[in-house]
Amino acid sequence: MTTTPATADYWEPLWAGGRRYREVTSSEATLLADFVGPGRGRLALDIGTGYGALAHHVHKLGYCTTGIDFAPSAIAAAAKNAPGHQHGEGPTWRLMDFTNENLSALPDPAYAIVTCRLAYRWMDDKPAFLDRVRQVLAPGGIFWVVTELGGRREDSDPNKHLGITVAEAETLTASWSVVRTADLDVLRCYALRP
């Protein structure tokens, strides 16, 4: 049986084997702060949190942050490596498959900020995923997406396939009343409002 990148069966062995992905740079953290603003204790949800780097940055902005991932080893790494985890400080972590589980399993019904860093590209049914995000995004909230764009790497780069297509970018930005973007090398950051 072949596993697809949109399943825990694909990602769990990678996380369990110690695989880590692109760090959040200071430029990316600054863009995040500029686009989402201070948290003031409002709720944030990080979908596909991985080792929790983005959730940690969101939490430092003053949001009550929950990071979710469907790979148990990713959640374990996020909990272990989060500053302040020994004292119960920092983000909380949940094992959850956002695309398939009942959204009532989330700790809260709505979030001021929903983030998705380097995971949108792997969603099999992007329109259905975006509908689910809208269900948990509070009125006036921001959906923050960081994803690689296709065509930004050299043809010889083995990771050239990681970018989203123009059509996938259009699917991402359709049906939002406000779309703001900023570029970071091969990545694009999106701040989307309903």
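This is a predicted model: local features need pLDDT of at least 70, side-chain atom pairs count only at pLDDT 80 or more; totals for chains, interfaces and linings use all residues.

Q: Fine. How many salt bridges does the structure hold?

A: The structure holds six salt bridges. One of them is between Glu28 and Arg117, with the closest N and O atoms 2.6 Å apart. That pair links distant parts of the chain, since Glu28 is in helix α2 and Arg117 is in strand β4, 89 residues apart.

Q: Is Glu28 buried or exposed?

A: Glu28 has a relative accessible area of 1%, and the limit for buried is under 20%, so Glu28 counts as buried.

Q: What about Arg134, which residue does it form a salt bridge with?

A: Arg134 forms a salt bridge with Asp131, and the closest N and O atoms are 3.6 Å apart. Both residues lie in helix α5, three residues apart, which is about one turn of the helix. Arg134 is partly exposed at 28% relative accessible area, and Asp131 is partly exposed at 43%.

Q: Which residue does Arg188 meet in a salt bridge?

A: The side chain of Arg188 meets that of Asp183, at 2.6 Å from N to O. Salt bridges with shared partners join Arg152, Asp183 and Arg188 into one network.

Q: How accessible are Arg188 and Asp183?

A: Arg188 is partly exposed, with a relative accessible area of 22%. Asp183 also counts as partly exposed, at 40% relative accessibility.

Q: Which residues gather in the patch of positive charge on the surface?

A: The patch of positive charge is formed by Arg40, Arg42, Arg180 and Arg193. Arg40 sits in the loop between α2 (26-36) and β1 (43-47). Its relative accessible area is 69%, so Arg40 is exposed.

Q: Is Cys189 buried or exposed?

A: Cys189 is buried, with a relative accessible area of 0%. Cys64, on the other hand, is partly exposed at 42%.

Q: Now the backbone. What is the phi of Leu118?

A: Leu118 has a positive phi of about 60°, although it is not a glycine. The residue is in the loop between β4 (111-117) and α5 (126-136). At 26% relative accessibility, Leu118 counts as partly exposed.

Q: And what is the phi of Ser175?

A: Ser175 has a positive phi of about 70°, and again the residue is not a glycine. Ser175 lies in the loop between α6 and β6 (178-184). Its relative accessibility of 65% makes Ser175 exposed.

Q: Last one: where is Arg153 found?

A: Arg153 is found in the loop between β5 (137-148) and α6 (166-173). At 22% relative accessibility, Arg153 counts as partly exposed. The C-alpha atoms of Arg153 and Glu12 are separated by 27 Å, and these two residues are 141 residues apart along the chain.

Notes
Residues are numbered from 1 along each chain as its sequence is written. Side-chain values use heavy atoms; hydrogens and water are left out. Patches are made of residues with over 30% relative accessible area and no salt bridge: like charges are joined within 9 Å, nonpolar side chains (Val, Leu, Ile, Met, Phe, Trp, Tyr) within 5 Å. Accessible areas come from the Shrake-Rupley method with a 1.4 Å probe; for residues, only the protein chains shown count as cover. A salt bridge is a side-chain nitrogen of Lys or Arg within 4 Å of a carboxyl oxygen of Asp or Glu. Lys and Arg count as positive and Asp and Glu as negative; His and the chain ends are not counted. The place of a charge is taken as NZ of Lys, CZ of Arg, CG of Asp or CD of Glu. Helices (H or I, at least four residues) and strands (E, at least two) are DSSP runs, numbered from the N terminus. Buried means under 20% relative accessible area, exposed over 50%, partly exposed in between (1.4 Å probe, protein chains only).
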